[in-house]
Amino acid sequence: MTTPSALERPTGVPFTRRLAARLVLLPAFALSLLPPRRIRAVLGLARRRARPATAAEAKHARDAMCAVSLRCAGPKGCLPRSLGAALLCRLSGTWPTWCTGVRVVPPFTAHAWIEADGRPVDEGVPDDYFTRLMTVAPANRSGR
């Protein structure tokens with residue numbers, strides 16, 4: 001995938017947040033094994049009645065996932081990391097925009113990430129570095 005190859009594990013993540021991240025780790029890994037249409041269906045259900053996540057809330061969730069899992073922190077852990085961060089946000093009543101797509105510059109590389117306020121969360125690349133192929137954004141107020 002397209003994350004840096006040096007592992008950066010966040011420090012200072014509170015114990016309760018790390019515990020919650022461990023709780024969603026297994027479901028995130030299980031979801032990452034499903035076909036894309038099933039992932040979208042499950043996330044579509046999970047996002048219901050959640051308010052949009054702020055950039056800070058989404059970053060805290062992403063940091064927690066990287067703090068508890070070397071695989072999520074690694075260069076090929078973008079799918080379980082993004083799924084786990086979205087599920088972790090959902091535990092607190094929020095939902096980021098979950099995205100999958102490809103890099104716009106060669107070589108072709110697939111990637112998954114979360115966004116808040118229309119910007120990728122802590123990806124270390126410009127906002128237009130990826131082209132979105134599939135997104136699961138926060139539901140509107142009616143729950144759809």
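Reply: Helices (H or I, at least four residues) and strands (E, at least two) are DSSP runs, numbered from the N terminus. On that basis the protein chain has 5 helices and 6 strands, in the order α-α-β-α-α-α-β-β-β-β-β from the N terminus on. The model is predicted, so local features need pLDDT of at least 70 and side-chain atom pairs pLDDT 80 or more, while totals for chains, interfaces and linings use all residues. Residues are numbered from 1 along each chain as its sequence is written, and side-chain values use heavy atoms, with hydrogens and water left out.

The structure contains 1 cavity of 30 Å³ or more; a cavity is a set of points on a 1 Å grid over the protein atoms alone where a 1.4 Å probe fits but cannot get out. The volume of the largest cavity is about 30 Å³, taken as the space filled by probe spheres set on the points. Its lining (an atom within 4 Å of a point) is formed by Arg62, Cys78, Arg81, Ser82, Ala112, Trp113, Ile114 and Glu123. Helix H5 (78–91) and strand S4 (110–116) are the elements that each give two or more residues to this lining. By class, the lining comprises 4 nonpolar, 1 polar and 3 charged residues; Ala, Val, Leu, Ile, Met, Phe, Trp, Tyr, Cys and Pro count as nonpolar, Asp, Glu, Lys and Arg as charged, and the others, Gly among them, as polar.

Strand S4 also belongs to an open sheet of 4 strands, ordered S5-S4-S3-S6 with antiparallel pairing (two strands pair if DSSP finds at least two bridges between them). Strand S5 (119–120) and strand S6 (130–136) are at the edges with a single partner strand each, so one side of each has no neighbour in the sheet. Strand S3 (residues 97–103) is joined to S4 by 6 bridges, and the two run antiparallel. Within this pair, Trp98 stands opposite Ile114 in S4, and Ile114 is one of the residues that line the largest cavity.

Helix H5 lies across S3 and S4, running at about 20° to S4. Here contact means heavy atoms within 4.5 Å, and angles, from 0 to 180 degrees between N-to-C directions, refer to axes fitted to C-alpha atoms, for helices over the stretch in contact.

The loops on either side of S4 each hold a local feature. In the loop between S3 and S4 lies Pro107, and the peptide bond from Pro106 to Pro107 is cis, with omega near -5°. Asp117 is in the loop between S4 and S5; its phi is near 55°, a positive value in a residue other than glycine.

How values were computed
On a 1 Å grid over the protein atoms alone, a cavity is a set of points where a 1.4 Å probe fits but cannot get out, and a pocket is an open set with protein on both sides within 12 Å along at least five of seven lines; lining residues have an atom within 4 Å of a point.
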